[in-house]
Amino acid sequence: MWVSPVFANFYLIPTRGGIHLEASYQPWIFVWHSPTIRYYLSPTMPLPDQQIELCGSSTWDFSDLRALFLNCTLKPTPQLSHTDGLIQISKTIMEKNGVTVEVLRPVDYTLAFGVYPDMTEHGAAVDAWPQILEKVMAAHILVLTTPIWLGEKSSVCTQVVERLYSASGLLNEAGQYAYYGRVGGCLITGNEDGAKHCAMNMLYSLQHLGYSIPPQADAAWLGEAGPGPSYLDPGSGGPENDFTNRNTTFMTWNLLKDAGGIPAHGNQRSRWAAGCRFDFPNPEYR
């Protein structure tokens with residue numbers, strides 16, 4: 001399919017549809033219909049005036065930071081992901097502040113099940129997790145994102161948490177667990193209840209692995225109870241929702257400001273094994 005240069009900064013996402021060209025109620029999404037496929041052409045999410053002011057008035061320098069969003073949608077690229085719509089807000093704020101950002105969908109990769117960094121070393125025929133883990137370890141900020149299914153995070157998100165756990169025993173150069181010094185957050189979308197339940201599980205998992213979790217490290221959008229429009233559907237009100245936009249903005253800035261590392265003292269497994277107790281009280285000397 002040929003795309004006009006006008007859409008050079010857009011990406012294509014197919015769904016089912018008829019034939020015509022339209023601009024949706026969201027000015028940043030254009031839709032082209034073929035007899036069998038609908039293509040969404042979406043650039044980087046534009047920011048409301050308040051968020052632009054926040055970015056412009058910032059005196060912080062985040063240009064040395066890298067962020068990775070793992071979109072745990074069940075839909076492979078290039079299908080429309082409503083969760084990606086919410087990701088774009090946080091991603092755009094970060095990029096306007098100099099952060100290098102990458103978004104990927106684990107569902108696009110052939111991931112083996114298991115709790116080792118590379119499951120091909122434990123019998124799996126194929127395992128693309130090492131490719132994702134390399135990106136995880138290169139990022140200062142990790143944002144897990146998921147849709148809600150039956151009140152739970154997606155099965156893809158559960159598998160990602162399991163595979164993140166596979167590297168939790170590795171150590172960094174300071175002898176700390178490998179995820180120390182990194183910050184984590186989560187974004188959630190759905191047209192059913194469960195956002196806080198999912199966030200509770202996801203953020204607990206990240207901190208257990210070694211990530212620092214700043215205040216207000218989660219944001220979500222939920223539609224009305226029962227069947228209804230999803231985040232990017234016309235009339236959903238998702239992209240205009242002030243509560244979601246506020247929480248997404250707060251989460252993003254808190255992740256940026258907390259990406260400063262953890263002092264390497266009192267938390268080094270190698271030194272504990274060597275006998276160092278970091279002021280742990282010894283009952284024999286009480």
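The exercises below, each with a worked solution, concern a predicted model.

**Exercise 1.** Determine which residues of helix 3 are buried, and where they fall when seen down the axis of the helix.

*Solution.* Begin with the helix itself, which covers residues 129-138 and has Trp-129, Ile-132, Leu-133 and Val-136 as its buried residues. Seen down the axis of helix 3, these buried residues fall within an arc of 100°, so they line one face of the helix. Finally, look at the partners: the buried residues of helix 3 pack against strand 5 (66-71), strand 6 (100-104) and helix 4 (155-165).

**Exercise 2.** Decide whether Ser-230 is buried or exposed, and find its contacts beyond four places in sequence.

*Solution.* First locate Ser-230, which lies in the loop between strand 10 (218-222) and helix 6 (242-258). Its relative accessible area is 18%, and because buried means under 20%, Ser-230 counts as buried. Leaving aside neighbours within four places in sequence, Ser-230 is in contact with His-82, Asn-191, Trp-221 and Ser-236.

**Exercise 3.** Describe how helix 2 and helix 6 cross.

*Solution.* The axes of helix 2 (residues 82-96) and helix 6 come within 10 Å and cross at roughly 45°, which makes helix 2 oblique to helix 6. The crossing is right-handed. Among the residues that meet there are Leu-86 and Ile-89 in helix 2 and Thr-244 and Trp-253 in helix 6. Sorted by kind, the residues of this contact comprise eight nonpolar, six polar and no charged.

Definitions and conventions:
Residues are numbered from 1 along each chain as its sequence is written. This is a predicted model: local features need pLDDT of at least 70, side-chain atom pairs count only at pLDDT 80 or more; totals for chains, interfaces and linings use all residues. Side-chain values use heavy atoms; hydrogens and water are left out. Buried means under 20% relative accessible area, exposed over 50%, partly exposed in between (1.4 Å probe, protein chains only). Helices (H or I, at least four residues) and strands (E, at least two) are DSSP runs, numbered from the N terminus. The arc is that of the directions from the helix axis to the C-beta atoms. Contact means heavy atoms within 4.5 Å. Axes are lines fitted to C-alpha atoms, for helices over the stretch in contact, and angles run from 0 to 180 degrees between N-to-C directions. Angles under 35 degrees count as roughly parallel, over 145 as roughly antiparallel, 65 to 115 as roughly perpendicular and the rest as oblique. A crossing is left-handed if the near helix is turned anticlockwise from the far one by less than a right angle, and right-handed if clockwise. Ala, Val, Leu, Ile, Met, Phe, Trp, Tyr, Cys and Pro count as nonpolar, Asp, Glu, Lys and Arg as charged, and the others, Gly among them, as polar.
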